[in-house]
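These are my notebook entries on a two-chain model. I went through it by topic and wrote down what I looked up.

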Amino acid sequence: MIQQKETALRPVYIFPLKNNAMFQKVLIAEDHNLTHRGLESTLNEIPVPQVLTTQYCDDALLKIKSALLSQEPFELLITDLSFDDAHRDRLLTTGEELIEAIRKVQPSIKIIVFSIENRIGKIKNLFEHYEINGFVGKGREEHRDIKKALQTVFEGGVYRSQQMEQRFRSAGDINEIHQNDVQILDLLSKGQSQPQIASSFSPPLSLSSIEKRVNKLKDLFNAKTLAQLVSIAKDRGII
Amino acid sequence: MSSCAPKNDSDKIHTPLQQEFQDLYDNKSLSTNETLNRLGLFLKKAKTSNDDTIVYRAYLFKTSLHAKAGQKDSALFYSHALLERAKLKGDPSYMGRAYTKLGVYTKSFHKLSESFEYYNEAYGIHKSLNDSIRIGENLLYMANIQKSLGDYTGAKETAVDGLIYLEKTSEIKSISSLYHNISIAFREQKNYDQALTYNEKVLALARDSNAKKKIGKNALLIYKNTKANILANQQKFDAAISLFNDLLQDPAVQNNVREQARIQSNLGYVKWVQSGRNHESETLLLEALKIRQGANDVSGLIASNVHLSKYYLEDAPEKALHYAEAALENADKRNSVLAIKEALALIIHLKSNSNDEAKRYTEIDKKITDINQKNRDIYSVGKFENNKLTQDNLILEATTAKKEKQNVLILSIMIAILLFGTFLILYLRAKNRRNTIKEGIRQTHLTEGRLAKKIHDELANDMSDTMNYVDNHLDIPEASKTPLVNKLENLYFRTRDISTETADIDLEDFPQSLKYVLMQHNAQGVQVIINPIDQIDWNRVPDYKKIVVYRCLQELMINMKKHSSASQVTVIFKNTGSKNEIRYTDNGVGFDMETLQKRGLHNVETRMQSISGTFSFDTTKGNGFKARLHFST
C-alpha cells in the first residue's frame with residue numbers, strides 16, 4: 001500500500017467548497033503544447049476550476065512553493081517525466097527530480113504522472129519510491145483515463161489503468177529462485193533424500209519445509225517427478 | 001578516345017587499350033620477364049588514358065607476375081603503387097584489393113603482424129562495400145595468420161565470421177580453407193571431436209570432381225592428412241594408419257614428393273605414439289627427412305626434425321638434441337615463431353646448460369602473446385566500428401518501413417522530417433565515434449540515451465498528440481478515421497518501443513536495472529524465472545561491460561518476445577572467481593540456423609566480443625533456445 005508521509009510542518013488548509021467532490025486547484029507540468037492543451041480541456045470538462053500549466057520543472061516548483069506560502073496550495077500535480085533540454089541553466093530536468101523536490105515542500109500534494117513511459121520497472125519505481133498517486137499512459141484512452149485517475153486519486157486511492165494493473169501484477173510475479181532452492185536441487189541431484197537434505201542445512205530445516213519448497217519447484221518447472229525436476233534444473237544451468 | 005561501335009549486343013565491348021591488355025594477359029608463349037617488360041610499357045601508356053580500371057588490372061597482373069618470378073620486393077613495390085593510384089582516384093574497391101596484395105607479399109617476408117594489418121584494412125573496405133566474397137577471403141587470410149601464431153581462439157572466431165559471409169556463395173575453396181582452419185584450431189586446443197566434425201565438413205564439400213578441382217588436389221591431400229592426424233589424436237590409431245596408407249597409394253601423392261614426405265613422417269610418428277620405439281617408425285621418419293632435405297622443404301624439415309627429436313627424446317638424448325637444433329635452425333629461416341618456440345622447448349629439456357635458450361624462449365613467448373593480442377584488438381575494433389554502422393542502419397530501416405505504411409501524405413511528410421532530423425543527428429554523432437572499444441561503448445551508450453530521449457520527447461509525444469488530434473478534432477468520416485487512428489496508434493506504440501529499448505541504463509543500481517528489463521517481459525503468458533542477480537558481483541564489473549551485458553540480455557528477451565512463443569524463460573547468473581556467466585533458456589519454438597542472422601543474435605555476439613566475452617547458443621527448431629554469455633569481471 002502506498003502511504004503519504006505525514007509531517008508536523010504540513011500546512012493546514014481547508015477545501016474551499018465542501019460539496020464539490022473534485023480537486024479545485026491543479027498544476028500541469030508538461031512541455032508539449034498539444035498535450036497540455038488536451039489535458040486542460042479534459043480538466044475543464046470535469047470541471048476543475050483552477051488549472052495552471054507550466055512547461056518547466058523549475059517553474060512548477062516555484063508555483064507550488066508560492067501557492068503554499070499564500071495559503072492557496074495546489075492539491076494535485078499532473079506531470080510528465082521528460083522535459084526538453086533546451087534551457088541549460090535549469091536545476092530540475094526530469095519529472096522524478098521535480099516530484100522529489102515538491103514532496104519536500106508539500107508532502108501532502110497528490111501527484112499523477114502522465115507520460116509515454118512504458119517500462120514497467122520504471123513505473124513501479126515511481127509508485128514505490130516516489131510514492132505517486134496515479135499513472136496515466138499517453139495514448140488513445142488518455143482522456144478517459146485522466147478523468148478516472150482524478151476521481152480515484154481524489155477519493156484517496158491509487159490509480160493505474162486496468163492494463164497497467166495487470167502488468168504490475170505479472171511483473172511482481174517474476175520468480176526468483178532462492179539460494180536455498182539451488183542448494184536443495186544440488187543435493188537432490190547428488191541422490192540425497194529429502195530428510196537428508198533437511199538435516200544438511202545449518203541450522204537444519206524441517207522436512208515439511210523442504211517438501212514444500214520441492215513441491216513449489218516442481219510446480220514452477222512443471223516437473224512430475226524429482227528426476228525430471230533435477231534434469232530441468234541441470235538443463236537450465238541452475239545447478 | 002574509344003571506339004564504341006558494338007559488334008554484337010551479347011559480345012563484350014573492348015576498347016583498343018582493353019584489347020591490348022587482354023592479348024598480353026592471354027599470351028602464354030612469352031617468358032615472364034618478357035611479359036613484364038611489355039606490361040611496363042603498357043602501364044606507361046595506360047596511365048595517360050582515363051581508363052582507371054585497365055591501369056588497376058595491369059598493376060594486379062604485374063604484382064602476380066613478379067611474385068611468380070620470386071621477385072617479392074617488386075611485387076610489394078607495385079602493390080604499393082596500386083594502392084597509391086586507387087587512393088588518388090578514390091576507388092575503394094581497388095584500394096581493398098591492393099591491401100590484400102600487400103598482406104600477401106608482406107606475409108611472404110614473414111612479417112605476420114604487418115600483414116594482418118593490411119588484411120584488416122582490406123576487410124574493412126570490402127565490408128563497407130558489402131563485397132561478401134572479398135570480406136570472406138580477407139578474413140580467411142587473417143584467420144590463417146592467427147592460426148600460425150598460435151591464437152587458436154582468435155583464428156576460430158575470425159574463420160567463423162568469414163563463413164558467415166561466404167556460406168551463401170559458391171566460393172568452396174575459401175569455405176573449405178575456413179573449415180580447415182577451424183578444424184586445426186580445435187585440434188590444437190585438443191578438442192578432437194569438434195576438429196573431426198569440421199574436417200568432415202571440408203571433405204564433404206569435395207563431393208564431385210568439379211568441387212574437387214575447385215578446392216585443389218594438394219589442398220585435399222592436406223585435409224585428408226589432417227583427418228588421419230586427428231584420428232590418431234583420438235587414439236583411433238588403426239583408422240589413422242589405414243588412412244595414411246591409402247594416401248600413400250594415391251597417385252597424387254606419389255607424384256608429389258613433399259606430400260609423400262609429409263605423410264611418411266606423420267605415419268612414422270603415429271606408429272611410434274601407438275607402440276613406442278620401433279624400426280619401421282624410425283625408417284619412415286628418417287626417409288621423410290631425407291626427401292625433405294632433397295626438396296629443400298623448410299617447413300617440412302621443421303616437422304621432420306621435431307618428430308625425430310621426440311622419437312629419440314627418452315633413449316638417445318644426444319640425437320634428440322641434434323634434431324631439435326636442426327628444427328630450430330629451419331624455424332629461424334622461416335621466422336616461424338611457433339616452431340621456434342617448440343624447438344626451444346625441446347632444447348631446454350635436452351641441453352644441460354640452456355640459459356640462452358631459456359631466455360630466448362621467454363622472449364619469444366611474450367612476443368607471440370603480444371602479437372596475438374594486438375591482432376585481436378585490431379580486428380575487434382574494426383569489427384565494432386563497422387557493426388555500429390550496420391546497427392544504425394537497422395534502426396533507420398525499421399523506421400523507414402513505418403513511414404511506408406503511413407497513407408496520409410501530410411502526416412508522413414511530417415514524420416519523415418522528424419525522423420530525418422533525429423537520425424541525421426544520430427548519424428553525425430556516430431561518425432564522431434572512434435578511439436578505443438571502451439570509449440566506443442560509452443559513446444554508444446550516451447548516443448543511445450540521447451537518441452532515446454529525442455525519440456521520446458519529440459517523436460513519440462508528437463505521435464501521441466497527432467493521434468489524439470485526429471481522433472478528437474478532425475472532421476472526417478468514421479470509415480476512414482478509424483483505420484487511420486489505428487495505424488497512428490500502431491506507429492505510436494512502435495516509436496515508444498524504440499525509445500524504451502534504447503533508453504538510459506541505471507548503472508548504479510545495476511541488478512535492479514537488469515531485473516526491470518526481465519520484468520518488462522514477464523507478462524502476457526511468459527513466465528520469467530531467475531536466481532539472485534547479485535550472484536555476480538556487479539560492483540566489480542566495469543561500467544562499459546555492464547552496458548554491453550544489459551543490451552545483450554535485452555536483445556535476447558526482445559528476441560524471445562518477438563519470435564519464440566515461449567511460455568517460460570530462465571535466466572541464471574553465475575560467478576566463479578573473475579569469470580561470470582549468464583545462462584538463458586526458453587521453452588519456445590527455437591529456430592534453425594538459417595534464420596539465425598535475422599534474429600539480432602549476431603549483434604549479441606559482436607557486443608560480447610567487444611568486451612572480450614563470448615556468446616554461445618544452442619537451438620534447433622522446436623526445441624527451445626539456450627544461450628550463454630561469458631565475460632570476466
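**Entry 1: a helix in chain A**

I looked up what covers the buried residues of α7(A), and the list includes α8 (194-200), α9 (207-220) and α10 (226-235) of chain A. Covering is judged by contact, meaning heavy atoms within 4.5 Å. The helix α7 of chain A runs over residues 179-189, and its buried residues are D181(A), V182(A), I184(A), L185(A), L187(A) and L188(A). I call a residue buried under 20% relative accessible area, exposed over 50% and partly exposed in between, with a 1.4 Å probe and protein chains only. After α7(A) comes G191(A), which has a positive phi near 85°. Helices (H or I, at least four residues) and strands (E, at least two) are DSSP runs, numbered from the N terminus.

The model is predicted: local features need pLDDT of at least 70, side-chain atom pairs count only at pLDDT 80 or more, and totals for chains, interfaces and linings use all residues. Residues are numbered from 1 along each chain as its sequence is written, chains are lettered from A and ligands numbered from 1 in the order in which they are written, and side-chain values use heavy atoms, with hydrogens and water left out.

**Entry 2: the two chains**

I noted ten helices and seven strands for chain A. Chain A has 239 residues, of which 47% count as buried. For chain B I noted 26 helices and five strands. Chain B has 633 residues, and 51% of them count as buried.

I also looked at contacts between residues at least 6 apart in sequence. In chain A, 65% of these join residues at least 24 apart; in chain B, 62% do.

**Entry 3: the interface**

How many residues of each chain are in contact with the other? I found 40 in chain A and 44 in chain B. The two chains bury about 3800 Å² between them, with 47% of that on carbon and sulfur atoms. Buried area is the accessible area (1.4 Å probe) that two parts lose on being put together, summed over both. On the chain A side, I116(A), R140(A) and R236(A) lose the most area to chain B, together 22% of what that side buries.

The rule finds three salt bridges across the interface. It asks for a side-chain nitrogen of Lys or Arg within 4 Å of a carboxyl oxygen of Asp or Glu. I also looked up the salt bridge of D235(A) with K626(B), where the closest N and O atoms are 2.4 Å apart.

**Entry 4: two residues of chain B**

Is T106(B) buried or exposed? T106(B) counts as buried because its relative accessibility is 2%. T106(B) is in helix α5 (residues 92-108) of chain B. Leaving out residues up to four places away in sequence, T106(B) touches L76(B), K111(B), E114(B), S115(B) and Y118(B).

I then turned to D534(B), in the loop between β1 (527-530) and α25 of chain B. D534(B) has a relative accessible area of 56%, so D534(B) is exposed. Its C-alpha atom is separated by 9.6 Å from that of Q512(B), 22 residues apart along the chain.
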